[in-house]
Amino acid sequence: MNIKALYREELTDLCDPAYRADQILQWIYAKQAGSFDEMTNLPAAFRQKLAADFQLNAVHALKTRNATDTTEKFLFQLHDHSLIETVLIPATPGLTTQSDRHTVCVSTQVGCAYGCKFCASGLEGVKRNLTAAEIVDQVLHVQKLSGERVSNIVVMGMGEPLANYDNLMRALRIINAPWALGIGARKITVSTVGIVPRIRQFADEPMQLRLAVSLHGATDEVREKIMPVNKKYPLKELLAACDYYVNTKHRMMTFEYILIDGVNDTLDQARILGAIGRQLRAKVNLIPYNPVEGLSWKRPTRDRCKAFQHALKTHGVTATLRMEKGTDINAACGQLRLQHERNLSTPNTV
Ligand code: SAH
């Protein structure tokens with residue numbers, strides 16, 4: 001059992017006297033202790049007992065890489081030697097002001113079962129769900145290794161978060177809790193491939209978490225070519241679930257839309273996406289496709305991306321064309337891990 005998977009009440013129940021729980025939480029979340037031994041205001045015998053009963057670290061950093069744009073990528077190893085990736089994305093400084101926002105992109109599974117045709121994370125299927133502690137510890141380790149205070153979370157790393165619902169929610173409650181990381185629910189965004197019943201369940205959660213849905217196609221015909229999940233949950237059902245979220249939470253949601261050359265980037269798709277966005281009063285995040293080694297998809301030209309964005313605007317939908325970050329460190333979607341594993345399996349390459 002890893003201690004970072006516990007709620008304060010659960011830890012308190014295990015401690016005698018009860019105030020020890022808060023001392024432990026201070027060491028873990030405020031002082032970022034790396035071992036129980038560091039918790040020097042706890043009696044030595046109690047520290048030994050903790051070390052015998054609990055693990056403290058759920059992830060172990062193998063590699064970090066800095067991109068020229070200050071995006072930082074972490075390759076973490078888990079206790080079973082599985083590899084996951086976590087990315088630290090500083091805010092793009094505005095033209096006149098410096099922003100101090102630091103967003104961590106966390107993974108929720110080893111691999112992914114959804115097999116989106118453009119994505120590196122699903123190439124080898126899913127191995128397992130991450131535990132709540134493994135999700136929480138990604139944030140803590142990034143914070144410690146980078147020396148930056150994390151202000152925002154996007155659950156957009158490897159895996160499908162809503163397919164690991166219970167562990168995800170436990171982790172997010174801990175990340176949100178004032179006794180742990182204290183990151184506001186409105187600063188946490190969960191991105192999903194579109195698992196309809198889970199989106200409804202997510203909307204019913206008391207926390208005001210943000211929702212992003214990976215759309216990538218504005219019609220079933222286009223979407224199901226690149227996202228097999230669309231066969232199970234076609235657009236009509238998916239959009240009804242999005243509508244439920246927006247009306248239950250009274251919050252804006254986001255659609256993510258990758259632009260892939262000649263696949264989903266026609267002005268016709270832009271028009272239909274515009275209608276969808278307008279109806280749900282959603283924002284659209286356009287992401288020029290990040291090439292993955294071994295896959296044949298291409299990114300459209302900058303002009304074509306801009307034309308798509310412009311078409312959405314004329315249909316009354318706010319669309320951002322995401323600044324590409326971290327491409328020089330394979331920050332996109334499972335690529336550092338993929339490269340690491342390929343290097344391991346071909347020992348002659350460096
Ligand atoms: N499973 C969740 C979260 C992980 S993917 C989801 O699908 O939303 C996070 C985002 O990265 C998704 O929008 C996904 O479609 C996108 N993505 C995956 N591969 C990509 C690539 N090669 N280039 C650009 N975006 C990609």
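Residues are numbered from 1 along each chain as its sequence is written, and side-chain values use heavy atoms, with hydrogens and water left out.

**View 1. The whole protein and its confidence.**
The protein has twelve helices and twelve strands. Helices (H or I, at least four residues) and strands (E, at least two) are DSSP runs, numbered from the N terminus. Of its 350 residues, 53% count as buried; buried means under 20% relative accessible area, exposed over 50%, and partly exposed in between, with a 1.4 Å probe and protein chains only. Among contacts (heavy atoms within 4.5 Å) with a separation of 6 or more, 66% join residues 24 or more positions apart. The mean pLDDT, the predictor's confidence in each residue from 0 to 100, is 91, and 89% of the residues reach 70 or more. Over residues 345–350 pLDDT stays under 50, and the model has two contacts beyond four places in sequence for this stretch. Where pLDDT is low, the predicted coordinates should not be read in detail.

**View 2. I153 in the largest nonpolar core.**
A nonpolar core is a set of buried Ala, Val, Leu, Ile, Met, Phe, Trp, Tyr and Cys residues joined through side-chain atoms within 4.5 Å. The largest one has 105 residues, of which I3, I24, I153 and F255 touch the most other members. Leaving out residues up to four places away in sequence, I153 touches T103, V104, V106, V139, I175, I183, K187, I188 and T189. In soluble globular proteins, nonpolar side chains tend to be buried together.

A171 lies in helix 5 and is buried, with a relative accessible area of 0%. Residues up to four places away in sequence aside, A171 touches A132, I135 and V136. Between A171 and Y7 there are 164 residues in sequence, but 9.4 Å in space from C-alpha to C-alpha. The C-alpha atoms of A177 and R8 are 9.1 Å from each other, with the two residues 169 apart along the chain.

**View 3. Helix 10 against helix 11.**
Two packed helices are described by the angle between their axes and the distance between the axes. Helix 10 (residues 267–280) packs on helix 11 (residues 302–314) at an angle of about 35°, with the axes 8 Å apart. Axes are lines fitted to C-alpha atoms, for helices over the stretch in contact, and angles run from 0 to 180 degrees between N-to-C directions. In this contact, L267, Q269, A270, L273 and G274 of helix 10 meet A307, F308, A311 and L312 of helix 11. These residues divide into seven nonpolar, two polar and no charged. Ala, Val, Leu, Ile, Met, Phe, Trp, Tyr, Cys and Pro count as nonpolar, Asp, Glu, Lys and Arg as charged, and the others, Gly among them, as polar.

**View 4. I276 in helix 10.**
I276 is also placed in helix 10 and is buried, with a relative accessible area of 10%. I276 touches A218, L239 and F255, not counting residues up to four places away in sequence. I276 and A218 are 58 residues apart in sequence, with 7.9 Å between their C-alpha atoms.

**View 5. E134 and Q77.**
E134 sits in helix 4 (residues 132–146) and is buried at a relative accessible area of 5%. Q77 lies in strand 2 (residues 72–77), and its C-alpha atom is separated by 5.1 Å from that of H60, 17 residues apart along the chain. Not counting residues up to four places away in sequence, E134 touches A58, V59, L78, R128 and N129, while Q77 touches A58, V59, H60, L62, S82 and L83.

Most residues other than glycine have a negative phi, and most peptide bonds are trans. The peptide bond from D16 to P17 is cis, with omega near 0°, and P17 lies in the loop between helix 1 (8–14) and helix 2 (20–30). Q32, not a glycine, has a positive phi of about 50° and is found in the loop between helix 2 and helix 3 (44–53). H81, also not a glycine, has a positive phi of about 75°. H81 is in the loop between strand 2 and strand 3 (83–90) and is exposed, with a relative accessible area of 58%.

Definitions and conventions. This is a predicted model: local features need pLDDT of at least 70, side-chain atom pairs count only at pLDDT 80 or more; totals for chains, interfaces and linings use all residues.
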